[in-house]
Every structure is written in structure tokens, then in C-alpha cells.
Amino acid sequence: MDYISGIINYLFEIIRSLGYFGIMLGLMVEVIPSEIVLAYGGFLVSSGHINFFGAVLFGTIGGVLAQLFIYWIGRYGGRPVLDKYGKYILIKKSHVDHAEAWFNKYGTGVIFTARFIPVVRHAISIPAGLARMNVWRFIILTTLAIIPWSVLFIYLGMLLGDKWEQIDEVAAPYIKPILLVALALLIIYFVIKWVISKNKKGSA
């Protein structure tokens, strides 16, 4: 455990030394959970190493690129590659199964809302790739979800300062309202989709 702790501390030191690019790379490689990287980014903001808007910008870019990478794996590698190598990017087979079920049930609109839901939030990019979802639609929906997620955890990291490692405890009260909003948006999306489909059938 000491060895693993040493590696993680070394990674955080790299993130600190690289500043904005460190946050971006930390999110891209997915070795450390994104919430932790973003909270650490907030700590760097509070200590004056970087500024808030730059941290959000590079946090968003890193998060989108990480999901785009997973999308391409799904699109060109398929389930066999993911089942065999998914563990190396912290995605279990059960995560993929849950994400596929969500995607097949709710369609491409779930790419936005699922980003706020545990278990499926990272793996949802896989069925999008498998289904060959339009890449620009994927990028736009992913970006729209990652921006508020980055803002939240960077801001909380700023408030915590050198206690940023307590992010899980502090973030917990915020996650439930976010989930409720995400689910509400999902319902609104399906209502709009249903209305549009009914109108199309009525005009046919």
C-alpha cells in the first residue's frame, strides 16, 4: 500500500508541476478518479498556482478527450477488446453491461445525463462507440455534462484547500441534487422526443 501511495503522490506532484496541463493529463489517463484530480486542481487554485477558469477549461478538455478515447475504443475495438483490456482504464465488464442497457433503453440523449450517475458515467461512452453514434453529437453532449462537473469539484477543492482529500465527504450532499436534475432532464428529453415523433406521425 505504501508503494501505491508513493506512486499516487508522485502523480499529484507531476500534476502540480505541469499546472493546467497536469490537470488535463491527469483526467486523460484516468489513473486517479476524475473527482480527485479536479478537487486537487481546486486546491492548486486556492494556493495560487493556477486560476479557476483555466482549471475548468483544461479540466473540461481533459475529461472530454478521456471519454473520446473510450468512445473510439468502443467504435473500433468492440466488446472483445473492452472485455479484455477495460480493466486497464478502470472499466469493469459489469460497468459496460450497465452502460449498454442504459444506452439501448434511452438512446443517445443519455450521454449527457449518465455523466452524473455512478457506475455508468464513464462507461457510457462505450455503447456510444459501439453504436457508432455521431462523434460531434457525442462531443457536444459530453462537453455540456463535463463542464458543470468540473466546476463543482474544482470549486469544492478550492473551499477545502489543503484538505482537498476530503472531497468525497464534502461532495456527497451535492451529488443527490445533481442526480435528480439529471433525471429530470432525461425525462424532459424523452417527453420532447415523444412529442416530436407524434407530430411527425400526425403530419405523415
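H3 and H9 sit oblique to each other, since oblique is what remains once angles under 35 degrees (roughly parallel), over 145 (roughly antiparallel) and 65 to 115 (roughly perpendicular) are taken out. This is a predicted model, where local features need pLDDT of at least 70, side-chain atom pairs count only at pLDDT 80 or more, and totals for chains, interfaces and linings use all residues. Residues are numbered from 1 along each chain as its sequence is written, and side-chain values use heavy atoms, with hydrogens and water left out.

The axes of H3 (residues 34–46) and H9 cross at roughly 50° and come within 6 Å. Helices here are DSSP runs (H or I, at least four residues), numbered from the N terminus. Axes are lines fitted to C-alpha atoms, for helices over the stretch in contact, with angles from 0 to 180 degrees between N-to-C directions.

## Who touches whom

On the H3 side, Leu38, Gly42 and Phe43 are among the residues that meet H9, whose partners include Trp149, Phe153 and Gly157; contact means heavy atoms within 4.5 Å. The contact residues split into 8 nonpolar, 5 polar and 1 charged (Ala, Val, Leu, Ile, Met, Phe, Trp, Tyr, Cys and Pro are nonpolar, Asp, Glu, Lys and Arg charged, the others, Gly among them, polar).

## Thr142, elsewhere on H9

Thr142 also belongs to H9 (residues 135–160). With 1% relative accessibility, Thr142 counts as buried (under 20% relative accessible area, 1.4 Å probe, protein chains only). Beyond neighbours within four places in sequence, Thr142 contacts Val64, Gln67, Ile111 and Arg115.

Terms used. Helix = DSSP H or I, 4+ residues; strand = E, 2+ residues; numbered from the N terminus. Buried < 20%, exposed > 50% of the residue type's maximum accessible area, 1.4 Å probe, protein only.
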